[in-house]
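Biologist: I have a new structure open and would like to learn how to read it. Could you walk me through it, feature by feature?

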Amino acid sequence: MAMWRAAAGHLLGRALGSRAAHTSAGSKKIVGVFYKGGEYADKNTNFVGCVEGALGIREWLESKGHHYIVTDDKEGLNSELEKHIEDMHVLITTPFHPAYVSAERIKKAKNLELLLTAGIGSDHIDLPAAAAAGLTVAEVTGSNTVSVAEDELMRILILLRNFLPGYQQVIQGEWNVAGIAYRAYDLEGKTVGTVGAGRIGRLLLQRLKPFNCNLLYHDRLKINPELEKEIGAKYEEDLDSMLPKCDVIVINTPLTEKTRGMFNKERIAKMKKGVIIVNNARGAIMDTQAVADACSSGHVAGYGGDVWFPQPAPKDHPWRYMPNHAMTPHISGTTIDAQLRYAAGVKDMLDRYFKGEDFPVQNYIVKEGQLASQYQ
């Protein structure tokens, strides 16, 4: 298929022998790495995305004779994850609390066959190393598209309307309308550009249409002409030409070696003074210090998002302390609705894996030594 291109190290992977997703019957060791629910774990029976919820598949897996270990302890040689790397067959992890799967960890994982992302975005995995080792990598494509697009729209409005200082005034017992109103704006009539127009980017453009914005997008590929006309979005082939036109810029591109550090000091300087940036894609697409400096200088009027690098973000991360931000932990794609969708998707792929069946083609990130085109 056109979406698949040969990955670096493909021949090496063949020489080593493929550890593809097809497997014979027998007990498998499956490790899940999720964020801890703690005191909130029992407050909602559909809260399945945490350690305690375990995607709601523990009983099903154990009834089939499989060994299912779930943890949030993922970093370092003494972590719980590290104890199971050598003999696990499947690793399930999530973008919201990612287990970073390095080439070194892949080399140690002698029995590993399948890496599943509960959600979308598999950049926490060394994908060329996974391809070279003959592993299958898959995610639940589309599982949190609506969740992330809605969150992006929310952050655009929060930053444009200068909502957070007003909220803080209420908490602190203050009342100063001028302190909010002097930098609060309507969304109508503003130019909004998305960098990336895949599933999330397209949906955001559709959600923005009723606000009567000027909509621009930059991507490797153009949107279907009919949809483009329906949305009223204009394609911008050159990113650097699009940036100065935008009042709001939304990042919707995957993290790859091409996009890592894509928005550095020089590129941010090309943006309009007073621009709003929303990034729910990946933190490493941005130059961390360049963003903090641009917010401090006022060149960027507001920066919002839920993605950091690394995750969890350290306490001294500069984005925690920069002015005019609307940052949260990585939450946009893990609403209860999204959790139910990606839990069901993981269960479906595990069931197919046990039966030796293929996954839905759009879910594959690495298959038989080849990477999906978006990660090239």
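Modeller: Happy to. The domain assignment of the chain gives domain 1, made of 29-141 + 335-375, and domain 2, which covers 144-327. Keep in mind that this is a predicted model.

Biologist: How many Å separate the centres of domain 1 and domain 2?

Modeller: Taken over C-alpha atoms, the two centres lie 29 Å apart. As for the contact, 18 residues from domain 1 and 13 residues from domain 2 take part in it.

Biologist: What area is buried between domain 1 and domain 2?

Modeller: First the general idea: the size of an interface is often given as the accessible area lost when the parts come together. Here domain 1 and domain 2 bury about 1300 Å² between them, and carbon and sulfur atoms give 49% of that. On the domain 1 side, look for Y100, I120 and D123: these supply 35% of the area that domain 1 buries against domain 2, more than any other three residues.

Biologist: Which side chains meet in a salt bridge at 2.7 Å, N to O?

Modeller: Those of D123 and R282. Between domain 1 and domain 2 the count is one salt bridge. There are also eight residue pairs in polar contact between the two domains. The side of domain 1 that touches domain 2 divides into seven nonpolar, eight polar and three charged residues.

**The chain as a whole**

Biologist: Let's zoom out. How many helices and strands are there in the chain?

Modeller: You'll find 14 helices and 15 strands. The radius of gyration of the chain is 22 Å, close to the 21 Å that the globule rule gives for 376 residues, so the chain is as compact as a globular protein of that length.

Biologist: What should I look for in the backbone itself?

Modeller: Now try the loop between strand 12 (300-305) and strand 13 (325-327), where P310 lies. The peptide bond from F309 to P310 is cis, with omega near -5°. P312 has its place in the loop between strand 12 and strand 13 too, and the bond from Q311 to P312 is cis, again with omega near -5°.

Biologist: Is phi of N162 positive or negative?

Modeller: Positive: N162 has phi near 55°, and this is a residue other than glycine. You can find N162 in the loop between helix 6 (145-160) and helix 7 (163-171).

How values were computed
Residues are numbered from 1 along each chain as its sequence is written. This is a predicted model: local features need pLDDT of at least 70, side-chain atom pairs count only at pLDDT 80 or more; totals for chains, interfaces and linings use all residues. Side-chain values use heavy atoms; hydrogens and water are left out. Domain bounds come from an automatic or database domain assignment. Contact means heavy atoms within 4.5 Å. Buried area is the accessible area (1.4 Å probe) that two parts lose on being put together, summed over both. A salt bridge is a side-chain nitrogen of Lys or Arg within 4 Å of a carboxyl oxygen of Asp or Glu. A polar contact is a pair of N or O atoms within 3.5 Å; within protein, one must be able to donate a hydrogen and the other to accept it, and residues adjacent in sequence count only if both atoms are side-chain atoms. Ala, Val, Leu, Ile, Met, Phe, Trp, Tyr, Cys and Pro count as nonpolar, Asp, Glu, Lys and Arg as charged, and the others, Gly among them, as polar. Helices (H or I, at least four residues) and strands (E, at least two) are DSSP runs, numbered from the N terminus. The radius of gyration is taken over C-alpha atoms; the globule rule is 2.2 Å times the number of residues to the power 0.38.
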